[in-house]
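Biologist: Can we go through the side chains in this one? I'd like the contacts and the cut-offs behind them.

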Amino acid sequence: MEIHRFEKLWVALSLLLIVGFIGTVTYGAVGAGVKMVDDTGGTVDANALNDHPRFGEPGTYQTGENQYDVYVITRQFLFEPGTNEPLRVPAGATVTFHITSSDVIHGFEVAGTNINLMAVPGQVSTVTVQFEETRSYGMICHEYCGAAHHTMEGQLQVVPQSEFTSSDLQNPEAFGDSEEPVNENQPDDGEEETE
């Protein structure tokens with residue numbers, strides 16, 4: 001059976017495209033670190049975020065020396081914190097973002113970085129990063145979330161260590177030179193640990 005040369009060309013091009021698609025997906029998963037939303041961040045009750053020990057007061061928490069956890073709630077059509085007041089983190093620190101939604105699926109992208117998460121109601125998405133340079137970043141929602149989706153934006157400010165103060169924290173008693181050491185294993189249910 002004779003295969004026409006144009007058919008051979010299209011078969012070859014089709015196979016080349018398939019190999020190219022597999023290569024880009026593999027690179028995205030392995031090389032660029034693109035991951036699907038998973039359950040490593042845990043789950044929360046989207047209808048009772050005010051009762052959660054951290055999402056009840058979203059913001060920046062110090063968890064160790066030069067280590068911070070940032071809790072952000074997305075809701076139509078704002079980031080809390082981030083939209084009404086800028087979210088501030090110190091330069092050079094290890095920052096873990098914990099993102100969830102209280103209503104519908106949102107996106108959490110810090111423009112100019114590789115921070116790009118989905119905020120799913122009841123699910124906590126996490127990413128750990130380190131910002132080396134001081135500057136302001138825009139935060140945007142990249143998932144259509146309703147009629148005012150285009151207005152959903154916020155600001156993340158990376159400030160020098162010297163300008164980052166206890167007023168930027170949700171737990172200022174654990175900041176800086178306090179007498180109490182920071183407990184990295186603090187239980188999330190609000191109960192005190194016993195020895």
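Modeller: Starting with Leu13: this residue lies in helix α1, residues 5-31. Helices are DSSP runs of H or I with at least four residues, strands are runs of E with at least two, and both are numbered from the N terminus.

Biologist: What should I know about the model and the numbering?

Modeller: This is a predicted model, in which local features need pLDDT of at least 70 and side-chain atom pairs count only at pLDDT 80 or more, while totals for chains, interfaces and linings use all residues. Residues are numbered from 1 along each chain as its sequence is written, and side-chain values use heavy atoms, with hydrogens and water left out.

Biologist: Which residues form a nonpolar patch on the surface?

Modeller: Phe6, Leu9, Trp10, Leu13 and Leu16, with about 550 Å² of accessible area together. Patch members have over 30% relative accessible area and no salt bridge; nonpolar side chains (Val, Leu, Ile, Met, Phe, Trp, Tyr) are joined within 5 Å, like charges within 9 Å. The areas come from the Shrake-Rupley method with a 1.4 Å probe, and for residues only the protein chains shown count as cover.

Biologist: What lies over the face of Phe6?

Modeller: Arg5, at 4.6 Å from the ring centre. Elsewhere, the charged end of Arg54 sits over the ring of Tyr61, 4.1 Å from its centre. The test is NZ of Lys or CZ of Arg within 6 Å of the ring centre and within 35 degrees of the ring normal.

Biologist: Switching to rings. How many aromatic pairs does the structure hold?

Modeller: Seven. One of them is Tyr68 with Phe164, edge-to-face, 5.3 Å centre to centre and 75° between the planes. That pair links distant parts of the chain, since Tyr68 is in strand β2 and Phe164 is in the segment after β10 (153-159), 96 residues apart. Tyr68 and Phe164 are both buried. Phe131 and Tyr137 make a tilted pair, at 5.5 Å and 40°.

Biologist: And the cut-offs for those?

Modeller: Rings of Phe, Tyr and Trp (its six-membered ring) pair if their centres lie within 6.5 Å; planes under 30 degrees apart are stacked, over 60 edge-to-face, the rest tilted.

Biologist: Which residues do ring pairs link into a cluster?

Modeller: Phe79, Phe97, Phe108, Phe131 and Tyr137. Phe131 is buried at 4% relative accessibility, and Tyr137 is buried at 7%.

Biologist: How many salt bridges does a search of the whole structure find?

Modeller: Two, where a salt bridge is a side-chain nitrogen of Lys or Arg within 4 Å of a carboxyl oxygen of Asp or Glu. Arg75 meets Glu80 at 3.2 Å, N to O, and Arg88 meets Asp168 at 2.8 Å, N to O. Arg88 lies in strand β4 (residues 87-90) and Asp168 in the segment after β10, so this pair ties together parts that are 80 residues apart in sequence.

Biologist: Are Arg88 and Asp168 buried or partly exposed?

Modeller: Arg88 is partly exposed, at 22%, whereas Asp168 counts as buried, at 16%.

Methods:
Buried means under 20% relative accessible area, exposed over 50%, partly exposed in between (1.4 Å probe, protein chains only).
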